[in-house]
Each structure stands twice: as C-alpha cells, then as structure tokens.
Amino acid sequence: MTGAAIEFPARRVLVACLIGIGLLVSAHAVRSALVLAWPEPTLLQGELLRILSIGAESGLATWFTLLMMLSTALVAVLIGVAERAAGAPRSGYWFGVAAVMLLASLDEQIQLHEMWVEPFRALFSITTGPFLLAWVIPALIVAALVALIFVPWVVRLPARTRLWAIAAVALWIAGAAGMEMVDSATFEWRQAMDPVRAHWVSAIIYTTEEAMEMLGVAVLLHTLLVHAREHAPAALGARIRIV
C-alpha cells in the first residue's frame with residue numbers, strides 16, 4: 001500500500017518566491033529610511049535594521065535565499081537519482097548542479113568570497129574602478145570554468161530547460177558580480193555626493209544586486225521543477241510528483 005505523494009507545485013513555488021522577493025525588497029526600502037531616521041540606533045533598533053537588511057548574513061533575505069538554493073539543490077538531486085535509475089546518460093551532471101548550489105549557499109551564509117578582496121587588490125594594484133571589490137575577478141574565472149565543464153551537458157538539455165537555465169544563471173551572475181562592479185565603479189562618485197543622496201543611491205544599487213541574485217535562483221528553481229515535471233523519467237516515482 002502506497003502513501004500519499006509529495007507534490008511540488010512548480011507555478012506556486014515560483015509565485016511564492018516572487019512574493020517573498022518583493023516583500024524583502026520592500027522591507028529593505030523601509031530599512032533604508034530607518035537608517036536615516038535612527039542615526040544612533042538602540043540595541044533593539046539595530047537588531048531590526050539587521051533583520052530587515054537584504055544582504056545581512058543573518059537577515060531574513062539571506063535565510064530566504066538559502067532556502068531557495070537548497071531547494072534547487074534538492075530538486076537537482078531528485079532528477080539525478082531518477083535519471084541514473086533509468087540509465088540516462090550524463091545523469092551525474094545533475095549532482096554537479098546540486099553541488100554548485102550547496103557551495104553557493106555556503107558562500108551566501110559565511111561570505112567566503114570576501115577573503116579574495118585584499119589579495120587580488122594587491123596582486124593587480126587596484127585602488128579604484130569596477131574591480132575595487134576584487135573578489136569578482138576570481139569569481140568570474142571560476143564561473144567561466146564551471147560553464148566550460150557544464151557546456152557539453154547543457155547543450156543536450158531540452159530547449160526550454162536550456163534557455164531558462166542559462167537566463168537564470170546569467171541573471172544571478174549579473175546581480176552578484178555585475179552589480180558589485182557597478183558598486184565599485186560608482187564608489188568615488190557617491191563619496192562626493194550629499195550624504196543622504198549617496199545613501200539612497202547606494203541602497204538602490206545594493207537592493208538591485210540582491211534582488212537580481214534572488215530572482216536568478218528563483219527562476220532556476222522553477223526551471224528545474226518544470227524540467228522534472230516534463231522530462232524526468234518515471235523513476236522519479238509515485239511518491240514524488242511535480243505539478
């Protein structure tokens with residue numbers, strides 16, 4: 001006798017992710033106003049500002065991003081297990097996707113990439129410009145190498161999965177590295193601004209960066225759920241159903 005199936009409603013998951021991202025962006029906008037209203041926050045006010053920050057390691061946004069990343073890793077593992085059981089070729093790449101998402105979630109939580117800022121600034125004598133936050137240099141190199149490893153597999157994915165996965169990853173990298181370069185490139189310009197104006201410009205750049213990252217992960221999660229629904233072999237089993 002079989003139990004009830006576990007359902008993953010792809011569309012509802014995407015809608016929930018988008019609503020969550022919208023709420024977190026709105027919360028960070030409120031936080032940006034509160035930072036100006038509370039120039040010397042109390043302990044309680046400081047904790048509220050930390051929780052509402054879209055980029056704080058222990059804030060709500062980081063928790064939400066980790067949840068999406070880990071869910072994406074889980075779906076990738078489920079597809080990999082199903083394809084391996086069905087004898088599908090190249091099923092191991094799905095476990096590679098899961099590994100990438102797990103490593104990305106680790107970095108999201110403990111900010112491993114920050115350790116590369118000073119060494120690469122020193123290596124290339126960077127004092128200004130788009131690479132001031134120099135972790136983007138090794139990050140882009142690693143991203144290019146990972147892309148090369150996955151290209152033979154990606155080109156064999158169904159067209160819809162391939163296009164949406166590429167779009168999702170591009171959006172994610174554009175947010176994480178691209179907007180970080182915008183942040184670096186505009187640093188001196190913002191330093192010369194009126195402090196309040198500089199605060200809001202910085203908030204817009206930072207919010208855009210984090211929102212693009214979260215949207216990229218959300219789209220990737222949805223893409224994998226739709227792929228599992230439409231293309232994963234029957235070995236996925238009656239106990240797990242993508243709807």
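Met214 touches Ile21, Leu24, Ile54, Ala61, Phe64, Thr65 and Met68, leaving aside residues up to four places away in sequence; contact means heavy atoms within 4.5 Å. The model is predicted: local features need pLDDT of at least 70, side-chain atom pairs count only at pLDDT 80 or more, and totals for chains, interfaces and linings use all residues. Residues are numbered from 1 along each chain as its sequence is written, and side-chain values use heavy atoms, with hydrogens and water left out.

Met214 lies in helix α9 (residues 195–230). Helices are DSSP runs of H or I, at least four residues, numbered from the N terminus. Met214 is buried, at 1% relative accessible area. Buried means under 20%, exposed over 50%, and partly exposed in between (1.4 Å probe, protein chains only). The C-alpha atom of Met214 is 8.7 Å from that of Gly175, 39 residues apart along the chain.

Six aromatic pairs occur in the structure. Rings of Phe, Tyr and Trp (its six-membered ring) pair if their centres lie within 6.5 Å; planes under 30 degrees apart count as stacked, over 60 as edge-to-face and the rest as tilted. Tyr93 and Trp153 are stacked because their ring centres are 5.5 Å apart and their planes lie at 5°. This pair links distant parts of the chain, 60 residues apart: Tyr93 is in helix α4 (residues 92–110) and Trp153 in helix α6 (residues 136–154). Trp153 is buried, at 8% relative accessibility. Ring pairs join Tyr93, Trp94, Phe150 and Trp153 into a cluster.

Phe120 and Phe124 also form a stacked pair, with 6.2 Å between centres and 25° between planes. Both belong to helix α5 (residues 117–124); they are four residues apart, so about one helical turn separates them. Phe120 is buried at 15% relative accessibility, whereas Phe124 is partly exposed at 48%.

Terms used:
Helices (H or I, at least four residues) and strands (E, at least two) are DSSP runs, numbered from the N terminus.
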